[in-house]
Amino acid sequence: MKKVIKNGTIVTATDTYKGDILIENGKILMIGRQIEVDGAEEIDASGKYVFPGGVDPHTHLEMPFGGTVSRDDFETGTIAAAFGGTTTVIDFCLTNKGEPIANAIQTWHDKSKDKAVIDYGFHLMIGEINEDVLNELPTVIEEGITSFKVFMAYKNVLQADDETLFRTLVTAKELGALVMVHAENGDVIDYLTKKALAEGHTDPVYHALTRPPEVEGEATGRAAQLTGLANSQLYVVHVSCADAVEKIAEARNKGIDIWGETCPQYLVLDISDLEKPDFEGAKYVWSPPLREKHHQEALWGALKNGQLQTLGSDQCSFDFKGQKDLGKGNFTKIPNGGPMIEDRVSILFSEGVKKGRITLNQFVDIMSTKNAKLFGLFPQKGTIAVGSDADIVIFDPHVKRIISAETHHMAVDYNAFEGMEITGEPVTVMSKGEFVIKNKQFVGKLGTGKYLKRAKYGEL
Ligand code: URP
Ligand code: ZN
Ligand code: ZN
Ligand code: ZN
């Protein structure tokens, strides 16, 4: 059945205008003024913004980490994403050294199939490069996994060495993939954490004190230099501090093909949250860690002037009771990550657009369009245009609400933004022309979200 979204203000990365949107067979069929179609279902969007659905380029759903598994899976995680105005997620497929990549990818298909309520793609973690890995990568690209993630931190767990990073950059250039890095110097962090523990420092705040901004700045600069040397392309995930922003800006100025993502947590929370008493600081343990407040200005400034281009959630949720607990008495045992998938879009709107830090069109670009472009999904995803998937958010820009674990839809027992007042809320969310959220109620069906084969980097 056809649907028409009427009288909304359509906002894309480039335009803001009043118009109606006609939807058929999951796609946008027509955009215009006063579209009337016999028998079409009309959805009134007057007084609301109509955005392309958010594209979250950074999630860890049902991810094994630190002896446990992140709480939100492809069911609860994608439902929460939809409530928050996100209609596509790209999740990180982890690999194990010595095991075929095909097995890892199959594991991620098994986790997601029949569960997701919005479309999803995968990035592939590269932990080692050898003949077997090199032989498998062309197939990986053919299957639409066109971004490779290298961890420069988490020593003895996920961390890859510089040779692996460099060979990944060279290979990615040949194959048409975008290399993503978690940029922190894992060796230095290892030294600093051992030293802190030996001195009896076990509280959550030492998670941040043992991974200072310099270790992120150093790793970001190193990755950028290696990218230039390999004449390759790089996307730095979860940029948290001015030190890393400077390195990205410097490399961009030299003409290196490098992109930077930040996350809502770094824009609004700071290191003082890690000092909360009664082990509550553990709720805010993720990597890179929260920083001193002055870094937030650098991040907002970089989003505004284009030195950072995207916002990912880095969703990787663990319950406070039963999971974060694992690190009582030893901060290194606190599983790293937080519940961010639901509030990513709203926080960017409220703190960014409403507070005049970025424009409405920049907001759409940062939370959706640029992500779709960088990761080979545009124009199917990431915009409102004829022929694009009807992944659409009808957003009330005026309503005020308080973020709380009592009302969120993630599966975890706390919200990192608890008590924060924000302005604006997704009211209705569609994936491929079907309602997932209708008037703030979940009406979607598990399994309607499908795996997305993504185009090669730069092939748009
Ligand atoms: O602490 C975090 N960010 N956990 C998720 C894994 C990662 O490093 O992105
Ligand atoms: Zn990371
Ligand atoms: Zn500082
Ligand atoms: Zn992550």
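I call a residue buried if 20 or more other C-beta atoms lie within 10 Å of its own, exposed if 12 or fewer, and partly exposed in between, with C-beta atoms placed from the backbone. This is a predicted model, where local features need pLDDT of at least 70, side-chain atom pairs count only at pLDDT 80 or more, and totals for chains, interfaces and linings use all residues. Residues are numbered from 1 along each chain as its sequence is written, and chains are lettered from A and ligands numbered from 1 in the order in which they are written.

**Ile129**

I looked up Ile129. Is Ile129 buried or exposed? Ile129 counts as buried because 21 C-beta neighbours lie inside 10 Å. I found Ile129 in the loop between β10 (119-125) and α3 (131-142); helices (H or I, at least four residues) and strands (E, at least two) are DSSP runs, numbered from the N terminus. Leaving out residues up to four places away in sequence, Ile129 touches Leu134, Thr164, Arg167, Thr168 and Thr171. Contact here needs C-beta atoms, placed from the backbone, within 7 Å.

**Core**

Next I checked the largest nonpolar core, which has 132 residues. Such a core is a set of buried Ala, Val, Leu, Ile, Met, Phe, Trp, Tyr and Cys residues joined through C-beta atoms within 7 Å. Val236 is among those with the most contacts inside this core. Beyond four places in sequence, contacts of Val236 include Val181, Ala223 and Ile258.

**Ligand 1**

Which residues surround ligand 1? I listed His60, His182, Trp286, Ser287, Asp314, Cys316, Asn336 and Gly337. Each has its C-beta atom, placed from the backbone, within 6 Å of the ligand.

Key. Two residues are in contact if their C-beta atoms, placed from the backbone, lie within 7 Å.
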